[in-house]
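Trainee: I would like a close look at one single part of this model. Please keep it brisk.

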Amino acid sequence: MISFTLGKAQQAAREYAHSVAVEEMRPISLECDRTEKIPASFFWNMQRRFWGGAAAQARTQAQEEEEKQSNIFSLLSQEEMAWGDAALSTAIPGPGLAAPPILSQGTPEQQMRFLGPYMDGQLHWGALALTEPGTGSDVAGMSTTAVLDGDEWVLNGHKHYITNGARSDIVVTFATIDTSLGREGIRPFVVPKGTPGFIVGRIEEKMGLRASQTAELIFENCRIPKENLLSGRESSKKAGFKAAMGTLDATRPMVGSLAVGIARAAYETTREWVCEELPEGFAAYKRHVIEDELEELRQEIEMARFLVWRAAWMADRRIPNSKEASMSKAYAGGLVMKVTAAGVRITAPGENGERKQFLGKWFRDAKVFDIFEGTAQIQRLVIARRLFPEVDIP
Ligand SMILES: Cc1cc2nc3c(=O)[nH]c(=O)nc-3n(C[C@H](O)[C@H](O)[C@H](O)COP(=O)(O)OP(=O)(O)OC[C@H]3O[C@@H](n4cnc5c(N)ncnc54)[C@H](O)[C@@H]3O)c2cc1C
């Protein structure tokens with residue numbers, strides 16, 4: 001069955017997220033980008049809007065109505081949030097990237113223990129730590145170790161580029177229990193903030209998504225309870241690696257939808273500039289060329305959105321979606337760079353007004369969508385492995 005119509009609850013969630021983007025994000029977006037700081041009032045407003053009693057209840061009811069299509073629900077909101085400001089959207093309080101591995105690999109007791117506190121009305125964040133210096137794309141080559149000592153796991157290693165890593169209450173950290181096992185030795189561990197030996201290092205200064213916090217995390221004889229290993233759902237050796245990859249199958253479409261949101265913002269703003277700010281005397285034939293280009297970009301944004309929706313639709317139905325998730329991420333990640341670059345170029349002749357400032361920011365923000373959650377090259381490898389299973393692609 002194919003349907004391109006959003007349900008009532010889905011439409012309402014999308015409209016709600018758009019209103020948040022308009023009222024809470026756009027007004028502070030340029031300032032947060034410039035200062036790399038987010039006011040505390042933003043965090044509290046987001047906590048209230050998304051986690052407050054009434055909001056959480058409405059969301060649960062809506063999701064039940066729409067048969068728990070949680071991935072589709074999230075990405076409808078993500079696109080709107082990124083239209084508002086992608087950096088601010090990564091900073092909204094909540095378990096964030098820590099949630100997918102806990103939900104897919106945690107026992108019911110672990111889910112309650114680790115995710116329950118997010119409902120207490122306070123500010124909490126979560127993070128996911130896979131990447132290490134020298135081991136980003138090649139997850140199987142990670143060197144952070146976990147050794148069981150009595151009733152505790154002892155973690156040692158170094159992670160970097162971890163979104164919200166410094167402010168998170170829990171960090172789902174991937175480590176190997178035996179480096180000689182390669183990917184089969186990898187396991188996900190939940191490390192609570194404040195655990196001795198869990199050290200927050202450098203906060204990165206970035207070109208784009210500047211208001212999003214990206215941290216280095218160091219583990220030095222960091223002892224966590226035995227019960228913080230997430231592998232309750234599957235006892236096979238591959239469970240840890242599958243958790244890492246399964247997380248990416250769920251989060252890549254989300255990242256794709258953020259890219260679509262920025263691309264849409266850039267397209268709309270460029271179009272408005274052409275309609276309202278084109279300098280006097282601009283040749284009509286040049287305007288037609290620009291209009292043609294904008295129409296093509298609009299079509300490509302719709303195509304990217306459909307790829308993203310399909311991957312999330314499959315995830316909601318537990319249909320294996322690695323290929324589709326990578327396709328959506330690769331296409332949307334490339335497109336957002338193309339649309340924002342076009343916006344900066346087309347508006348170049350104008351004064352440096354607010355529209356141009358936003359386009360410049362989105363151009364810088366766009367680049368990371370070609371990098372995190374797997375670079376474009378890695379997405380193509382994932383796709384190729386599934387398209388040509390008979391070929392041994394490393
Ligand atoms: C703003 C930001 C936020 C991030 N947030 C998180 C986070 O929350 N958690 C987390 O764990 N990580 C996070 N990351 C890390 C991100 O996922 C990695 O940077 C990314 O996976 C690339 O890894 P790398 O930087 O080690 O580059 P490398 O893997 O070293 O890649 C370098 C280059 O080599 C290419 N390459 C590598 N292997 C191959 C191959 N087999 N074939 C062809 N080309 C290849 C890549 O495409 C790339 O061009 C974040 C990164 C950024 C920039």
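Trainee: How far is an oxygen atom of the ligand from an N or O atom in the side chain of Gln 377?

Mentor: The distance is 2.8 Å, from an oxygen atom of the ligand to an N or O atom in the Gln 377 side chain. First, the ground rules. This is a predicted model, so local features need pLDDT of at least 70, side-chain atom pairs count only at pLDDT 80 or more, and totals for chains, interfaces and linings use all residues. Residues are numbered from 1 along each chain as its sequence is written, and side-chain values use heavy atoms, with hydrogens and water left out.

Now the shell. The ligand is surrounded by 20 residues. The closest are Thr 131, Ser 137, Tyr 161, Thr 375 and Gln 377. By class, the shell has eleven nonpolar, seven polar and two charged residues. Here Ala, Val, Leu, Ile, Met, Phe, Trp, Tyr, Cys and Pro count as nonpolar, Asp, Glu, Lys and Arg as charged, and the others, Gly among them, as polar.

Next, the polar contacts, meaning pairs of N or O atoms within 3.5 Å. Ser 137 uses its side chain: an N or O atom there is 2.5 Å from a ligand oxygen. Tyr 161 uses its backbone instead: an N or O atom lies 2.8 Å from a ligand nitrogen. Now the cover. Alone, the ligand exposes 980 Å², and the protein buries 67% of that. These areas come from the Shrake-Rupley method with a 1.4 Å probe.

Which elements give two or more residues to the shell? They are strand S1 (126-129), strand S3 (152-163) and helix H11 (376-387). Elements are DSSP runs, numbered from the N terminus: helices are H or I with at least four residues, strands E with at least two.

Where does the ligand sit relative to the domains? Domain 1 (126-234) and domain 2 (240-387) both supply shell residues, so the ligand lies between them. The domain bounds come from an automatic or database domain assignment.

Last, the backbone. Tyr 161, one of the closest residues to the ligand, is found in strand S3. Its phi is near 65 degrees, a positive value in a residue other than glycine. Glu 373 has a positive phi as well, near 60 degrees, and is not glycine either. Glu 373 lies in the loop between H10 and H11.

Terms used:
A residue is near a molecule or strand if one of its heavy atoms lies within 4 Å of it. A polar contact is a pair of N or O atoms within 3.5 Å; within protein, one must be able to donate a hydrogen and the other to accept it, and residues adjacent in sequence count only if both atoms are side-chain atoms.
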